[in-house]
Amino acid sequence: MTLRAKRSDRSGSFSGNKAERAIIDIGSNTVRMVVYGGSLRAPLVLLNEKVAARLGKAMADTGKLPKDSKELAMRGLRRFVLLLEDLGVDDVDTVATAAVRDAKNGADFIDQVAALGLSPRVISGEEEACLSASGVLGAFPGAEGLVADLGGGSLELVQIANGQSDTATSLPLGTLRLPEYRGDKPKEMKKELGQALKQGGWNEAISAPLYLVGGTWRAMAVYAMQVRNYPLTDPHGFYLNAEEATELADTLAGSDPETLQAMPRISSMRGASMPDAAVLLQAMLKKLQPTGLMFSSWGLREGLLYDRLPAHSKSQDPLLAGLTVFAAQRGAPPTLAARIAGWTAGVVPPTDSGSERLRLASTMMALASMQVEPNIRLNHAMDWALHKRWIGLDARGRAMLAAAVAANGNHLDLPDTVRALADEDALEQAICWGLATRLARRVGARSQRSLQVSRLSIVDHKLLLQLQESQSDLFGVPTEKDMKLLAGRLGLDPEVVFVPDDEFNAHDDNDAALLGISGLK
């Protein structure tokens, strides 16, 4: 990309986050620019702006991009270019999809875009499908199933397994083209869409999840969450089983667009297209028979970023990668979180696979929350856990993070919204994570030395805190209270022992007699 001279002063642009890369996606419905910062593995959206140009609205009638749509798109693109200059972002990938690649005047339009200093490329339907698949694989490590990316001009279908995509297909079934199938016989629409899927090579059961990518699908997820009074608000990662998916498709297929458009968080554009898209979903459910639906906010744009990563970066845990940057910007550097997580590891061991990463994540978030003013700390921390977009975190994991950060602040009465998302054993484990983090930071005010001169463990059914004798005064009244609090939750008796400095690093943690344990009174 070639831009005019950069503006030098960008102070305060994104409050602690540097704008580093951008994707401009010229789609059939919208022209969108997303600016990213933060972790490369779990990029943070700093700016997400779109123009509803509807470039593909006349494809069925004229096969061309309409003049008014092109003018609206170019107006938006000119603004995007100026914003990128001001922000100093020159790592820009510009792609155009179905409407531009199919339009008779698509090449002329691309020339106009290039004249702005951008470097646009028109991607094929198969490449679009593979990029969407890469986005899903980045968002859901280890995902297996079928990705369905619904745009304005096309529907991309691609299989994913073992970190790879296969059998990519692009079908002319985008939201702008679906009304053609409705015609004068709406009752026949599902049958005709099913036939189109069959002709496109998709006529067999996949017996795996269907990963839905695209704004109209996400609007369906928002609808489903609202009517269920679901405790979370982010449609990314929302899951419906096969029965729930059928119920949703049937309900929306018969809905009035105006009723949908009147609902909170559903735009007029999405509300108008949802009933037709729901009929398409009905046909897909019948033909493909997925085990369920997983809604993904990651797709083509994030796939472009994910594909650029080296293998070692792709293998990173996206939750921890994203939280590391988030917490560090809020006074909780990853080294501190790792030390505290290590300090507490022996007293609240993981009870199921994958919970160790959640314990580290909860430690980062709990430490970050302590930099927030006390009167608003709990609400902020709970919102971070439950509603901020985290990649690689399901609803149960969100509830565990919320329980841990609440317990870190000694708030042990969890709201029903949290208890609805996870079982009691998981929440109890997370509460103990939070109480252990609370004890660790209160022993020595998060100082590195305090974690080096103390140890926490379980010995003979007792919660044992060991301190170097020269540092015994660290054991103050707040520490004693927190010891009792954590011990009581674990069903243990609290104990503290002061170890001679020359013995501290050599003693056997499990030799209670050597330590001369004295109880908390």
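**Figure 1. The largest nonpolar core of the chain.** In this predicted model, the largest nonpolar core holds 110 residues, and L173, W217 and M284 touch the most other members; such a core is a set of buried Ala, Val, Leu, Ile, Met, Phe, Trp, Tyr and Cys residues joined through side-chain atoms within 4.5 Å. Buried here means under 20% relative accessible area, exposed over 50%, and partly exposed in between, with a 1.4 Å probe and protein chains only. The largest share of this core, 11 residues, comes from helix α19 (residues 424-444), where helices (H or I, at least four residues) and strands (E, at least two) are DSSP runs numbered from the N terminus. Apart from this core lies another one of 32 residues, among them L55, L87, V113 and L118. In soluble globular proteins, nonpolar side chains tend to be buried together.

**Figure 2. The surroundings of W217.** Leaving out residues up to four places away in sequence, W217 touches A148, D149, L150, L212, A277, L280, L281, M284 and F295, a contact being heavy atoms within 4.5 Å. In the chain, among contacts between residues at least 6 apart in sequence, 70% join residues at least 24 apart.

**Figure 3. Strand β2 and its two partners.** Strand β2 (residues 31-38) is mostly covered, with 7 of its 8 residues buried. Strand β1 (residues 21-26) pairs with β2 in the antiparallel sense over 6 bridges, two strands being paired if DSSP finds at least two bridges between them. A hairpin of 4 residues joins β1 to β2, and the bridge partner of D25 in β2 is R32. Strand β3 (residues 43-51) also pairs with β2 in the antiparallel sense, over 8 bridges, and these two strands form a hairpin with 4 residues between them. The bridge partner of M33 in β3 is E49.

**Figure 4. The chain as a setting for the close-ups.** The chain contains 23 helices and 15 strands, and its C-alpha trace spans about 90 × 55 × 40 Å along its principal axes. Of its 521 residues, 55% count as buried. Residues are numbered from 1 along each chain as its sequence is written. Because the model is predicted, local features need pLDDT of at least 70 and side-chain atom pairs count only at pLDDT 80 or more, while totals for chains, interfaces and linings use all residues, and side-chain values use heavy atoms, with hydrogens and water left out.
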